[in-house]
Amino acid sequence: MKWFQGTADAVRQFIWLFEDAKLRDIENILILSGDHLYRMDYMDFVQSHVDSGADISVSCVPMDDSRASDFGLVKIDKEGRICQFHEKPKGESLRMMQVDTTVLGLAPEDAKNFPYIASMGIYLFKTDVLLKLLRSKYPHANDFGSEIIPLAAKEYNVQAYLFNGYWEDIGTIKSFYDANLALTDQPPKFHFYDPLKPIFTSPRFLPPTKMEKCRVVNSIISHGSFLTECNVERSIVGIRSRLEYGAELKDTMMMGADYYQTEVERASFLAAGKVPVGVGANTNIRNCIIDKNAKIGKNVVIANTDNVEEAERPSEGFYIRSGITVVLKNGTIADGSII
């Protein structure tokens, strides 16, 4: 076993599971990605795959110009078969991947705004086809999107399945940040509270959050937190978080903590000039991701007012990606710091 070199290599390293599936007459294998936010009934996908007689089916979504180059794009024929696949095209190669999305049943205005068809990185393979592609046809191919799917489309029946629900890739810092804060919108494009298809997190059996004289606007507050006379706006506050007097969070995702510090431990930290877990008094934070167990002192300002796009400051407890300040897991931001 070695580090995965790509999506196909990851599956290949566990190919014995799929060989066992074939022996047990499992006809199709569904391969999912771990960095997406969506809700899908996979049986609709499977039924479409079976009805079309596909060897491989690729779940796809319409995509606009602004983000199309971040994804693998497909062109399909009138039978829904993928006839062209291009991974993250740029420039003229990108323009050549535009399609008439009215043929997919989109309204004319939507078809104009979403002229590309992007792969969601969700694949359905006939089991014997998957094994053949990984073992003998393309034994050195490491990735499904950039290698195996484009090659297989020339020889196999590779069908596109159009998904018409909410889907967001959260594989980058910016997309992770944007997708999480979008959950605070009114109404959100995606919500977890569908009574027929609810989405649950792991049970932690924490007490309710306690808030004292706080202002909370368009935000999500998780269990087991303590908020004291603070201001939270369009932010997510994770489990076991602490926000002290006068703290302000705006457009921020605070991931919380894995443990509690007792009042004695916190007092001991403060007496020794150390920063306890959480956000200290009179600290102002904007456009930020605060990772688990971070210790942010009092009178801190995190705002990136210089609009720095990229920066590495691990010794100071943070870095910046796409203009978003990220406080490191277990990181410490000293009292009075200005970022």
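Predicted model: local features only at pLDDT ≥ 70, side-chain atom pairs only at ≥ 80, totals over all residues.
Start by selecting Pro187, which lies in the loop between helix H8 (173–182) and strand E9 (210–212). Helices (H or I, at least four residues) and strands (E, at least two) are DSSP runs, numbered from the N terminus.

Residues are numbered from 1 along each chain as its sequence is written, and side-chain values use heavy atoms, leaving out hydrogens and water.

Most residues other than glycine have a negative phi, and most peptide bonds are trans. Go to Asp25, in the loop between H2 and E1. Asp25 is not a glycine, yet its phi is positive, about 60°. Asp25 is also exposed, at 65% relative accessibility; buried means under 20% relative accessible area, exposed over 50%, and partly exposed in between (1.4 Å probe, protein chains only).

Next, pick Lys88 in the loop between E5 and helix H4 (91–95). Lys88 has a positive phi too, near 50°, and is partly exposed at 45%.

**Into the core**

Select Ile56, Phe125, Leu130, Leu133 and Phe144. Of the 30 residues in the largest nonpolar core, these touch the most other members. Such a core is a set of buried Ala, Val, Leu, Ile, Met, Phe, Trp, Tyr and Cys residues joined through side-chain atoms within 4.5 Å. Elements giving two or more residues to this core include helix H1 (7–12), strand E3 (56–63), strand E6 (116–126) and helix H7 (144–152). Helix H6 gives the most, with five residues.

Stay on Phe144 and show its surroundings. Not counting residues up to four places away in sequence, Phe144 touches, among others, Thr7, Val11, Ile31, Tyr123, Phe125 and Leu130 (contact means heavy atoms within 4.5 Å).

**Rings and charges**

A search of the whole structure finds 11 aromatic pairs. Rings of Phe, Tyr and Trp (its six-membered ring) pair if their centres lie within 6.5 Å; planes under 30 degrees apart count as stacked, over 60 as edge-to-face and the rest as tilted. Zoom to Phe4 and Phe14, an edge-to-face pair at 6.2 Å centre to centre with 70° between the planes. Phe4 lies in the segment before H1 and Phe14 in the loop between H1 and H2, so the pair ties together parts 10 residues apart in sequence. Phe4 is partly exposed at 47%, and so is Phe14 at 29%.

Then select Tyr38, Tyr42 and Phe163, which ring pairs link into a cluster.

For a charge over a ring (NZ of Lys or CZ of Arg within 6 Å of the ring centre and within 35 degrees of the ring normal), look at Arg240 over the face of Tyr260, 5.8 Å from the ring centre. Lys274 has its charged end over the ring of Phe269, 5.7 Å from the centre.

**Last stop: Arg266**

Finish in helix H9 (residues 263–271), at Arg266. Arg266 is buried, with a relative accessible area of 7%. A polar atom of the Arg266 side chain lies 2.8 Å from the backbone oxygen of Val277. Leaving aside neighbours within four places in sequence, Arg266 is in contact with Arg242, Glu244, Gln261, Pro276 and Val277.

Note on methods. Polar contact = N/O pair within 3.5 Å; in protein donor to acceptor, adjacent residues only side chain to side chain.
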